[in-house]
Structures are given as structure tokens and as C-alpha cells.
Amino acid sequence: MNDPIFLAALALFVPIAAALFLLVAAPVRHRGAPAAGVCVTASVVALAAAVRLVFVHAAQGDARWTTTWISAAGKPIAEVGLHLDGASVSMLAVVCLVALCVQVFSVAYMHDEPPRGYGRYFSFHALFLFSMNLFVLAPNLLQAFAGWELVGLTSYLLIGFYFAKPSAAKAAVKAFWMTKLADMGFLFGLLWLFVATGSFEWTTKLAPEVAVGVTLLFFLAVVGKSAQFPLHIWLPDAMEGPTPVSALLHAATMVAAGVFLVVRADPLFAQADATREVMLWIGSFTAVFAACLALVQRDIKKVLAYSTCSQLGYMVAALGAGSAFAGYFHLGTHAFFKALLFLAAGSVIHAVHSNDLADMGGLRKKMPLTTLTFVIGALSLAGIPGFAGFFSKDLVLATLEGRANWIPWAMLMGAAFLTAFYMGRVVCMTFFGALSHKAEHAHEAPLWMSGPLLVLAVPSVGAGFLGGWLAHSLGAHYETHVGLTPIVASTMAIAGLLGSIAIYGRRRDASVAGAIERLDKASMVDRAWELGYRRALLGVSGLLGWFDRYVIDGLMNFTGYTTIEAGAAVRGAQTGRMRHYLVAVVVGAVLLALMGLL
Amino acid sequence: MTLVQCLLLASALFSVGVYGLITRRQAVAMLLSIELMVNAANLALVAFAKYAGAPTQPLVLFTLAITVAEVAVGLALVMLLYRRYDDTLLDAASETKG
């Protein structure tokens, strides 16, 4: 059990075996509970292998195994395989851990589903775990693309899990559309890369202009997948899916795939300063923009969704500033505390049967365990010193501190304040204050749900202390320091929290709170933007439709019409009288004979 | 008789058959015309065997056998034609008109 390749293959192939088994064995899937058992068992095996792999990797170092996928004369066009280094091994462990927690949580959370839906849900989960691991372990960009598209597919399937609900079906299609649009960038980037270098490797050396072009195309895909401005609009809608799905796909792992892609392809991005500049600005802007939107949401899941956009903005900004490690570190800690927040929110929604913050309040006494874990997650996200989120956010900010242009740094500082503020708002409105009407019959979640919360709470607090180890396994340098950034950042976080407690605390200050919620201008911007997008899309679609109808169809119709007319013109030759045909045969035979004679 | 004379006779016979096939409207008469054409061919084959030493005599026997079968099928078709259209004029069957 010390062969790293075997362990990685286990983590990769056990989930797909479970998914295929559930696909084929319809009776098992339709009974629901056994399907959950199969899926969770597969995830346990995958997690065990991933954790063992972390230790084996620490002892034995990097490993790689590949086999030819598309062979050609000379050298193979593409390879598939397993690539094990610090980044993929730790990411694998994070993905498997969060996936297992989410699946165990789902066992209780989805309990009211009919058995068929229950089975379908867990089949999708097994498929997702395989797809994500396929992406994480990819030895080259081509396999990464395959995994990337597969997680996109499972995202679509799981957002649209309640497909009978029109809004869910719409949200699924919207997410698919937006991410596919962005994925065109990945595809064209791959093609360009292959044409230019004949390789799909992560570390190819490129000419400067090719490097900028290719990485910009890849970054387009990242913008879509990681919900960065202006393609972020699918993520809040994706909250139509079941809450555990939001925790796993749309907070912890799948949306972070974009960030992981850049971490992986860092050697390519390092050759393109222009792309990094774009990433820095888009990331910083998204961090602030999404944090503003999170401030005014009434739906607890949408607050968390915009918060995810905002935190992904931090990661992208760090990558843009040239520190892959800072981005990756924040990805790791964010995966834990955001999954925790979503699952705790799921526990609340399960108890109150509503997503609306106004329906919640005073749940502290009814659900002490959920309250405790949610608050831990919120403090970690807000970046209170000592919690995991503080260390990684601090590293991101410190990366930006020394730059000539201080605006991104200031933007992210502002976002840190807003983050603490909106998390304080959610905590106050959900768990403190007067008990709301709907919350009267709430009760603490069963062990299946609270267990994963407690498991995730541990890294949400402590993962920050793993920074040194993670940096070592990635070959980066990391040390904590006391300086301008950590002091300002923690001041911002504490100020944000205190501010929100002052406004939303025990007695909700209606005037100020109302004023903040009337800050809906931001969401008006969103709506206006969406309208414009729709106009643009519909305009282009209309144009394409016209072209299709009148030019392409016209050509087809013209061909058909000409054929019909030509047929009508010569149909007179077909008299139906045998003698006429015989004459034709004789004349033809005579002519042939004459030709033979001449 | 020489080979050329035999062949000329066969050609004349064949032409009479073709003429009959094109001009006659009665299905039975058309069948007879076809018989003429086949026999013209048989005549040519026998002539080749006799004057040029070609091994075509067995072929004539085959042709005769096939012709008998063909006439049987042809007459059956004529019967069907008559049953269907109450007529043995082949022009009655003109469903393939375009």
C-alpha cells in the first residue's frame, strides 16, 4: 500500500466504479438507500487512499504515470495518466474529505426525497468525485480539459436535480450555458497551444505573444468556472440545487477548479505578465463587487454564493499577483470553511423550511451545535486572527502589499471589511435576536448532519497552521509575519463584525438595517447587466436565426425547389406504356451497336 | 448455305421480332415476337457451331429450356393482366406513368 500510483488510481477509479455500477444496476439505484451506501463507501475508500497518499508523497516525493491515449506516427498526440505532486496530492485529499462530509450530510438532508431521486442524487455524486479527481490528477492540459468538462456536466445535473421545478431547470441551463461559453476559451487555448508547440504539457515554453494569447483564453475559462465578473451570474442561480450540492460543487471544489487550473498551469501563466495583470484586476474587482452584493441578499444561500464569488476573487487576484501558492492556500482553507458554512446553512434550512433570512432568527437556543459550527465558519471566512481564513487571506493580501499599484490591495482590504460585515449580518439574523415564527418548531440536526459539520469545523479552525507544510510540499516559501497587512486586515475584519453586530445585534436597528438593505442599487446593477446581456444574446441569436433561416435554409430550399421543378419538366418522358420503353431500348441498343461498329 | 447467309437470315428474323414487339399491342403477340427474337439468336448460335466450329451447341439447348420457362411465366403474366384489366392489351397497364 505504499505505491503512490496505486493509491491515486484507487481514489480515481473507485468512485467511477460506483457511478457505473449505479448507472447499470437500476434496481439498486431506484431503492435509494443502497445507492447512498455504495456512493459513501466509494468515497470512504477514495478518502482513505488520498490521505494515505499524502503521507506516502511526503516520504517518497513526486510521481507520475502516463499511458498513450491518442497514438500517432512518431510520438503520441496525447497521454492520460496520474500526476502526483504537492498540489495534486493535497487537493485530492481536500476534495475527497469535503466530498465525503457532504455525502454523509446528504444522507440525512435528502431523506425526504423519493427513493429514485435519492439514488439518482448519489449516482451523480459518485460521478462528480471521479470527474474532479480526474481533473486534479491530470498530467497534462488535455486530461484536465476532460475532467473540467465532466465536472461542468455534473454541476448541470445537480443544479437541475429538482428538474420539475422550472426555476431549477432554468438555473441548470444557465450555469451550463455560461460555463460552456467560457470553456470555449479552454478549447481554443488548447488548440492554439498544440498548434504552437505540439504539446499539452503544463510546463511548455512559449513565445511571448503566444503565451499571452493562450493564457488569456485559459483565463476566460477560469472566469466562467470560478464565477468571476462578468460571468459570475450563474453562481447565485446555481443555488437552486440541493444545499449540500452547493457546498461541494459551488463553494468548495468545482468552482475552485478554475483557480486550481491556474495553479497547475503556473509555468504557462508566468510567461504572460499581461494576463496576470488582467487577472489581478478582475479578481480584485470581483472580490469587492460580489461582497457588496452579498450584503443585500435576503436568501442565506445567496449570501454565501456571492461570498464564494468574492473569495474566488481573492484567489484569482493572488494568482494574478504571481503567487500561485497564496491562491492555492486560500483555495484550501476556503474549501473547508465554505463547505462548513453551506452545510450549516443547509441544516438551518432543513429545520426552518425556508431560505429567507427573515424567516430565521433566534435559532441559537434551538440548534446550539449548528450555531457553533456556523459561527466558526463565519469567523474563519471573516478572517479573524487564529482561524484558517485569516492566514490564507493574510497571505493573499501580503502578496499584493509590495506592489507599485496599491489599488488592488486596498480593494481587497475593503472586501475583507465587507466580508466580516455580511457574515456578521447573517449570523445575527439567523441565530440571534427574537425567535421567528417559522423557527419555533426547529430542532437540532440529526447526527448524520451534525457529524460532518464538526469534522469540517476542525480544519476551518486549524488548516491555517498547515501553511508551512503545504508550502514545503509545493516548493514555495511561507512564513507568518507581523506587519502592516495582518494588522490592517484583522482590524478590518473585527471592525466589520462589530459594525454588523451594532446594526443587526439583539435589537435590530431598523433604520440603519433598512438603509443597507435599500442599497439594492447593487443588485439593480446586476439586474440591468443581466438584461443587457440578454438583449445582446438575443440580438446575436436573432441575427444567427435570420442567417440560418434565410441564407442556409434558403440555399437548401432552393436546391430542393430546383430538383422538383427539373423533375416536373422531364416527367413527360415516363408514359407508362411498355411500347415506348421498348422503342427506347431498341433505339439505345442500335446506337450502342453503331458505336461499336464505328 | 454459308455462315454469312445464315447470319443474314437470323438478323432478318430478329428484326421481324423487334418490329412485331414494338408494333403489336396484344400481349400474346408480343410474346410471340420475343420467341422470334430468341430463335433468331438460336439460329445464329447453331450457324456458328456448324461453320465456324464454335462450341455453342450446348448453349442452344439451354436457351431452349429457358425460353420454355419464360413462355410459361409470360403466359401467366398475360392471364393476370387479363384478370386485372379485363384486357390483354399491354397499354392498359400504365401505372408507371410519371
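**Helices and contacts in a predicted two-chain model**

Mentor: Let's start where α7(A) ends: the residue that follows is G198(A), and its phi is positive, near 70 degrees. Please keep in mind that this is a predicted model, in which local features need pLDDT of at least 70, side-chain atom pairs count only at pLDDT 80 or more, and totals for chains, interfaces and linings use all residues. Residues are numbered from 1 along each chain as its sequence is written, while chains are lettered from A and ligands numbered from 1 in the order in which they are written.

Trainee: How many helices and strands does chain A have?

Mentor: Helices (H or I, at least four residues) and strands (E, at least two) are DSSP runs, numbered from the N terminus. The C-alpha trace of chain A spans about 110 × 55 × 55 Å along its principal axes. The count for chain A is 25 helices and two strands.

Trainee: What share of the residues in chain A is buried?

Mentor: A residue is buried if 20 or more other C-beta atoms lie within 10 Å of its own, exposed if 12 or fewer, and partly exposed in between, with C-beta atoms placed from the backbone. Chain A has 598 residues, and the buried share is 53%.

Trainee: What span should α7(A) have at 1.5 Å a residue?

Mentor: The expected span of a helix is 1.5 Å times one less than its number of residues. Helix α7(A) covers residues 166–197, and its end C-alpha atoms agree with the expectation for 32 residues, which is 46 Å.

Trainee: Which helices are included in what covers the buried residues of α7(A)?

Mentor: The buried residues of α7(A) include M178(A), A182(A), F186(A) and L190(A). The cover over the buried residues includes three helices of chain A: α6 (141–159), α8 (208–225) and α9 (234–237).

Trainee: Is A182(A) buried or exposed?

Mentor: A182(A) sits in helix α7 of chain A. Two residues are in contact if their C-beta atoms, placed from the backbone, lie within 7 Å. Outside four places in sequence, the contacts of A182(A) include L220(A), V223(A) and L231(A). A182(A) has 24 C-beta neighbours inside 10 Å, so it counts as buried.

Trainee: How far apart in space are A182(A) and V223(A), C-alpha to C-alpha?

Mentor: In sequence, A182(A) and V223(A) are 41 residues apart. From C-alpha to C-alpha, the distance is 7.1 Å.

Trainee: Why does α25(A) lie largely in the open?

Mentor: Helix α25 of chain A (residues 578–597) reaches 29 Å from its first C-alpha to its last, close to the expected 28 Å. α25(A) lies largely in the open because, of its 20 residues, the number buried is zero.

Trainee: Now for chain B: what radius of gyration does it have?

Mentor: The radius of gyration is taken over C-alpha atoms, and the globule rule is 2.2 Å times the number of residues to the power 0.38. Chain B has three helices and zero strands, and its C-alpha trace spans about 50 × 25 × 25 Å. A compact globule of 98 residues would come out near 13 Å, but chain B has 16 Å.

Trainee: Is D86(B) buried or exposed?

Mentor: D86(B) lies in the segment after α3 of chain B, and its phi is positive, about 55 degrees, although it is not a glycine. With 8 C-beta neighbours inside 10 Å, D86(B) counts as exposed.
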